[in-house]
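I opened a new page in my notebook for this one.

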Amino acid sequence: LTSGIESAQSTSPQAPATGRISSSNNQKVKKVGDLMVTMKDVVVSSKERVGVIMDFFNQSDKELKLAASSGAPRLTDERGNVFIFYGYNGGDRHHIGGFSWKSDGVGLNAKSLSTVILYFQPRKIDEKRIDTISEIGTNFAVSFDYVLYDLKDKSESHHSVSFSDVKAQKN
């Protein structure tokens, strides 16, 4: 079962818990199945690390677990840089050696919001390392394929969400 991407809407600016103010430009929301996915921010913290922050609001009455699919999330910038996925705040990718729904994945409680942060390392088009943070662009596109696991039914469903024209913050 695969669900596609539905229409995007902009919401007004909000102050995240970190105190960082995100522009309304980055507050893009898409409904994918029973989830409302909000693109919160792309944060370039160094030439070695870029974080993509997304909120997942579980609108269902079910407790779910979310895991990155075995295919890696994708992140690019307007300069053609490619960013190599190296993890998220939930463990291993789905069906990559040693994956377990008990210990891996992000818990999505019923009728509640959970934040997922995807971590990437920047690379140039030719796969060479980025030398300075100034080589990283400011406008990003992200695509995230993920698997949802229903803890009660012990069933899995596969989904995808993409966002483009996301402005980054450089710290």
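**Starting at N58**

I began with N58, which lies in strand 5 (strands, of at least two residues in state E, and helices, of at least four in H or I, are DSSP runs numbered from the N terminus). A note to myself before going on: this is a predicted model, where local features need pLDDT of at least 70 and side-chain atom pairs count only at pLDDT 80 or more, while totals for chains, interfaces and linings use all residues. Residues are numbered from 1 along each chain as its sequence is written, and side-chain values use heavy atoms, with hydrogens and water left out.

Is N58 buried or exposed? N58 is buried, at 0% relative accessible area (buried is under 20%, exposed is over 50%, and partly exposed is in between, with a 1.4 Å probe and protein chains only). I then looked for what N58 touches (contact means heavy atoms within 4.5 Å). Not counting residues up to four places away in sequence, I got D34, L35, L64, L108, N109, A110, K111 and S112. The side chain of N58 also has a polar contact of 2.7 Å with the side chain of S60 (a pair of N or O atoms within 3.5 Å; within protein, one must be able to donate a hydrogen and the other to accept it, and residues adjacent in sequence count only if both atoms are side-chain atoms).

**Over to strand 6**

L64 was among the contacts of N58, and strand 6 covers residues 64-68. Five of its five residues are buried. L64, L66 and A68 point one way, and K65 and A67 point the other way.

Which strands does strand 6 pair with? Strand 9 (residues 106-108) is antiparallel to strand 6, over three bridges, and strand 11 (residues 139-150) is also antiparallel to it, over five bridges (a pair needs at least two DSSP bridges). Across from L64 I found L108 in strand 9, and across from L66 I found L148 in strand 11.

**The core**

In soluble globular proteins, nonpolar side chains tend to be buried together. I went looking for that here (a nonpolar core is a set of buried Ala, Val, Leu, Ile, Met, Phe, Trp, Tyr and Cys residues joined through side-chain atoms within 4.5 Å). The largest core has 38 residues, and V37, V52, M54, F56, L118, F144 and Y146 have the most contacts inside it. Strand 11 gives the largest share of this core, seven residues.

I checked L118 by itself. Leaving aside neighbours within four places in sequence, its contacts include V52, M54, F85, Y88 and F144.

**Rings**

How many aromatic pairs are there in the whole structure? I noted seven (ring centres of Phe, Tyr or Trp, its six-membered ring, within 6.5 Å; planes under 30 degrees apart are stacked, over 60 edge-to-face, the rest tilted). F85 and Y88 have ring centres 6.4 Å apart and planes at 25°, so they are stacked. F85 is buried at 11% relative accessible area, and Y88 is buried at 8%. F56, F144 and Y146 are linked by ring pairs into a cluster.

**Zooming out**

I finished with the overall counts. The protein has twelve strands and zero helices. Of its 171 residues, 45% count as buried. Among contacts between residues at least 6 apart in sequence, 66% join residues at least 24 apart.
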